[in-house]
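Please read it with the coordinates open.

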Amino acid sequence: MKPRNYLSTAIKLTCALALAMPVIGHAQAKKKEIKVSHAQQATLDSELHIAAWIFRNYVNDNSDTLSVTVHANNSLGEERAVYEAMQLGAGATCALGGTAILNNFSKRVGVIDLPFLWRDYAHMNSVLDGKVGQELASDLEKTGLKTVAWLTNWGVRNVVTSSKSVRTPEDLAGLKIRTIQSQVYIDALNAMGANATPMAFGEVYTAMQTGVLDGFEHGPAVVLTGKYYEVAKHIALTKHLLGPAVFACSMPQWNSLTDKEKDVITKGARLAADINRSLAPVREQQAFDALREKGMEINEIDTSGFKEKAVAIQDKFAKDRGTEDLLKIIRDAQ
């Protein structure tokens, strides 16, 4: 090639690349970031993180316009603050978490977080896939939160204590036990004799370490992944709450998506929910085994008296919040 021709070709190629660059940059800029928030550790032993991880991989592999990022361990803020921002279309796009905190946004949601309500995982999952789940999702949508999928926590919630071993119901008397900032959870623990202490979850480890709390209540998977065995030595199997979890998105941000984008998000969330549910009983047992290996003492406790008191709590909540019809469906479900 002659020098002049070579130079001419090089100039044309450079111009073509220069013209192409804005197009490439524009295509990349058009990808919408889907920020997914949750409160647990960024480990695949966590029920929320593995669900977020599955969702991220599914959407990123199946969408040309969306890019999912996962923000674990309350990195976008404490749960309630995250949901409040989502209502306004700010902060996280979606959040994964237990449903109890949503009782602060829709008063009827607490009906699925009542003490001693669920017989087992199958009972809870079937109810949430039916009329109860549909009605509560509709209620939440009115508050600015879109329910995309119902999940489950990996394990029934039990009382975890630092130094005092709880072996009988009477041993709970007066103990300062952290719980979720939800009146349902507070009433449940107080009825069991404890001194329910609402607190943001991110503060629990330090509060246990410094003696501000005598204990907290949660499922075994969270105790393990959060390394709470470092500041707590005892678990009393109160089995007082089996908490559902939810994959919820900001309604303002949801409404900004195309139908195709909504479809891929829904499919990704439901795949994550299916895997989350199937792993629940397995991971619950694995967590208990691992906690025993870490030196935690795990004690059975007579819960018959707690269950009797729980009926009155359930009935009062249903009457106060207009969920008597939903509570009946839950109790009657096979």
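1. Start with Arg-167. Arg-167 sits in the loop between β5 (157–161) and β6 (176–179); helices (H or I, at least four residues) and strands (E, at least two) are DSSP runs, numbered from the N terminus. At 48% relative accessibility, Arg-167 counts as partly exposed. The scale is this: buried means under 20% relative accessible area, exposed over 50%, partly exposed in between (1.4 Å probe, protein chains only). Which residues does Arg-167 touch, not counting those up to four places away in sequence? They are Glu-297, Asn-299, Glu-300 and Ile-301, where contact means heavy atoms within 4.5 Å. Arg-167 and Ile-301 are 134 residues apart in sequence, yet their C-alpha atoms are 5.8 Å apart in space.

2. A word on the basis. This is a predicted model, in which local features need pLDDT of at least 70 and side-chain atom pairs count only at pLDDT 80 or more, while totals for chains, interfaces and linings use all residues. Residues are numbered from 1 along each chain as its sequence is written, and side-chain values use heavy atoms, with hydrogens and water left out.

3. Overall picture. The protein has 12 helices and 11 strands. Its C-alpha trace spans about 95 × 45 × 30 Å along the principal axes. Of its 334 residues, 52% count as buried. Take the contacts with a separation of 6 or more: residues 24 or more positions apart account for 76% of them.

4. The disulfide. A search of the whole structure finds 1, a disulfide being a pair of cysteine sulfur atoms within 2.5 Å. Cys-94 is joined to Cys-249, with an S to S distance of 2.2 Å. The pair links distant parts of the chain: Cys-94 is in strand β3 (residues 94–98) and Cys-249 in strand β10 (residues 244–250), 155 residues apart. Is this pair buried or exposed? Both Cys-94 and Cys-249 are buried. The torsion about their S-S bond is about 95°, so the disulfide is right-handed.

5. Thr-147. This residue belongs to strand β4 (residues 145–152). Thr-147 is buried, with a relative accessible area of 13%. Leaving aside neighbours within four places in sequence, Thr-147 is in contact with Ala-137, Leu-140, Val-246, Phe-247 and Ala-248.

6. Aromatic pairs. The structure holds 5. Rings of Phe, Tyr and Trp (its six-membered ring) pair if their centres lie within 6.5 Å; planes under 30 degrees apart count as stacked, over 60 as edge-to-face and the rest as tilted. The rings of Phe-201 and Tyr-228 have centres 5.7 Å apart and planes at 50°, so this pair is tilted. Phe-201 lies in the loop between β7 (195–198) and α7 (204–210), and Tyr-228 in the loop between α8 (220–225) and β9 (234–241), so the pair ties together parts that are 27 residues apart in sequence. Phe-201 and Tyr-228 are buried.

7. A further partner for Tyr-228. The rings of Phe-216 and Tyr-228 have centres 5.0 Å apart and planes at 55°, so the pair is tilted. Phe-216 lies in strand β8 (residues 215–218) and Tyr-228 in the loop between α8 and β9, so parts 12 residues apart in sequence are tied together. Phe-216 is buried at 0% relative accessible area. Tyr-228, at 7%, also counts as buried. Ring pairs link Phe-201, Tyr-205, Phe-216 and Tyr-228 into a cluster.

8. Helix packing. How do α11 (residues 304–321) and α12 (residues 324–332) pack? Their angle is about 140° and their axes are 8 Å apart; axes are lines fitted to C-alpha atoms, for helices over the stretch in contact, and angles run from 0 to 180 degrees between N-to-C directions. That makes α11 oblique to α12. Angles under 35 degrees count as roughly parallel, over 145 as roughly antiparallel, 65 to 115 as roughly perpendicular and the rest as oblique. From α11, Val-311, Gln-314, Asp-315, Ala-318 and Lys-319 meet Glu-324, Leu-327 and Arg-331 of α12.

9. Backbone points to check. Asn-73 has a positive phi of about 55° although it is not a glycine. Asn-73 is in the loop between β2 (66–71) and α3 (79–87), and is partly exposed at 42% relative accessible area. Phe-116, also not a glycine, has a positive phi near 55°. Phe-116 lies in the loop between β3 and α4 (121–128), and counts as buried at 19% relative accessibility.
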